[in-house]
Each structure stands twice: as C-alpha cells, then as structure tokens.
Amino acid sequence: MSAPLLSLRGVETYYGNIAALRGVDIDVNAGEIVALIGANGAGKSTLMMTICGAPRARAGSIMFDGRDIARLPTHEIARLGIAQSPEGRRIFARMSVLENLRMGASIDNGAHFAEDLERVYAIFPRLKERAEQRGGTLSGGEQQMLAIARALMSRPRLLMLDEPSLGLAPLVVKLIFDVIRDLNKSQGLTVFLVEQNAFHALRLADRAYVLVNGAVAMQGAGRDLLARPEIRAAYLEGTG
C-alpha cells in the first residue's frame, strides 16, 4: 500500500508551556475525506494550523507526499499543494470577490487564473453574481463559499477545511457539504475536514479521528464512529 499523502507522527504543539497537541498520529490517504471531530478547545484548529506551520510543532513529524514539512515556512507548505479554508473564513473583507479569488491563485502567479475562475464559478454560481461585490458585504454562507473557492484557486492536492459549517443556516450547510462530497468524488480531491458538526462530518468522511484534550482518543470509519453510543452521547445529542 502506498504511503499516506499526509501523515502526522507524535506531533506536539505548545502555547507557551501549555500543551495543545499531545503526541498526535493521523494519516490522510490520497483521494480520501478524513474528518477530525472533538469538543471546543480539543485542539482541532491548532492541529490544522500546525500542519500549515503556524504555530510550529515542537516535536514529531508532519509528512506530506513523503517530505517532512514540519520546519518549512507557511508559504512553502502552500506551494507544495496544501490549501486551507480557515476557521472564521478570514476572507479579505475590503476586496471584491474577484480580488479574493486572485489572491488564492497567487501561489502560481495566476498561471491558470481564467480556467480556474470558471471552475469555481461553476461550483459556486452565487460568487459569479457577486464578483464585483466586497467580501465583507456577503452573507455568512457566501463568505464560506468564497473561502473555499479561494482555497481551490491554488489547485490544491490537499484541501483542509476548518469548521466550514460554523454559524451557517442548515440549507447552506447542506450545500457546503454537498460541494465537498462532489469535489472528492468528481475530481478525486483529498480533503481533511475539521468540523464541530459531528453528524455531518462523520456521514461525509471515509475515516475520522476524535480529538480529546489534544490527543487522538478514537479513530475509525466515519459511519462506524457515527453508530457508536459514546460518540452519539458526546457529540450528537439533539442532532440527526
């Protein structure tokens, strides 16, 4: 079997003297959707940011396509084909939709800009309608579409999504998760998904990990974890 596209071994991350990640081991194989679930403060976003190099892992290895990226600068990690749609979206509020998408394409100096623009407009037609509108004036759902589209403009080999459903209406959440599934199925895009909505994440994911207090407490097929009573009690009360 070929090596995972992304592999974390013994990753430890600290804020000052406080351990945020404690010996994390995670694999993401090419073509998979892998979800990371856990309570608020479990370390999910920290893990996502550690993969991108800010903050740096204090111990352990982060292998991407056979190369340890744990000490690389963030911009070099991005150039290798890792794109992140961060928690809270973090679009450029004063820039137009089109300008935000240009920023996403800047990894390769916009070499495929026109082609990729049509591709993301096909995925999110709303963004085409809003092309000249400032990002900060978009609805929350439209901003999330823009954050994902901006990440896709870099032609990533690994798309990392941090809380894509946060604060969105149920219909928009369904749209976002349908897009993630379609990108994976139609384009073979590898997706690593951090998500507090465990029900949606586990239904979508091929495999999933449960993070508790900065350490992996459980792992398995998404549907298997969805069926486990301890997962349902901890993360799925009142959902589904």
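Contact here means heavy atoms within 4.5 Å. The model is predicted: local features need pLDDT of at least 70, side-chain atom pairs count only at pLDDT 80 or more, and totals for chains, interfaces and linings use all residues. Residues are numbered from 1 along each chain as its sequence is written, and side-chain values use heavy atoms, with hydrogens and water left out. Helices (H or I, at least four residues) and strands (E, at least two) are DSSP runs numbered from the N terminus. Two strands pair if DSSP finds at least two bridges between them. Axes are lines fitted to C-alpha atoms, for helices over the stretch in contact, and angles between N-to-C directions run from 0 to 180 degrees.

**Six-stranded sheet**

- The order E6-E7-E8-E3-E9-E10 describes an open sheet of 6 strands with mixed pairing.
- Strands E6 (82-85) and E10 (215-221) are at the edges; each has a single partner strand, so one side of each lacks a neighbour in the sheet.
- On average, neighbouring strands of this sheet are turned by 15° against each other, direction ignored.
- E6 and strand E7 (residues 158-162) run parallel and are joined by 4 bridges; Gln84 has Met160 in E7 as its bridge partner.
- Helix H6 (residues 140-152) lies across E6 and E7, at about 170° to E6.
- Helix H7 (residues 170-187) packs on the sheet and touches strand E3 (33-37), E7 and strand E8 (190-194), its direction making about 145° with that of E3.

**Four-stranded sheet**

- A second topic is the open sheet of 4 strands, ordered E2-E1-E4-E5 with antiparallel pairing.
- Its edges are strand E2 (18-28) and strand E5 (67-68), each with a single partner strand, so one side of each has no neighbour in the sheet.
- Strand E4 (residues 59-64) pairs with E5 in the antiparallel sense over 2 bridges, and Met63 has Asp68 in E5 as its bridge partner.
- Helix H1 (residues 44-51) packs on this sheet, touching strand E1 (6-15), E2 and E4, with its direction at about 110° to that of E1.
- E1 and E2 run antiparallel, joined by 7 bridges; Tyr15 has Ile18 in E2 as its bridge partner.
- The hairpin of E1 and E2 has 2 residues between the strands, and Gly16 there takes a positive phi near 65°.
- E1 and E4 also run antiparallel, joined by 5 bridges, with Arg9 opposite Ser61 in E4.

**Helix H1**

- Of the 8 residues in H1, 7 are buried (under 20% relative accessible area, with exposed over 50% and partly exposed in between; 1.4 Å probe, protein chains only).
- The buried residues include Lys44, Leu47 and Ile51.
- Gly53, which follows H1, has a positive phi near 95°.

**Largest pocket**

- A pocket is an open set of points on a 1 Å grid over the protein atoms alone, where a 1.4 Å probe fits, with protein on both sides within 12 Å along at least five of seven lines; lining residues have an atom within 4 Å of a point.
- The largest pocket holds about 570 Å³ of space, a volume being the space filled by probe spheres set on the points, which are joined across faces, edges and corners.
- It has 20 lining residues, and the closest to its centre are Thr74, Ala78, Ala83, Gln84 and Arg150.
- Helix H2 (74-79), E6, helix H3 (97-104) and H6 each give two or more residues to the lining.

**Gln187**

- Gln187 is in helix H7 and counts as partly exposed, at 42% relative accessibility.
- Apart from its neighbours within four places in sequence, Gln187 contacts Arg119 and Asp182.
- The C-alpha atoms of Gln187 and Glu32 are separated by 11 Å, with the two residues 155 residues apart along the chain.
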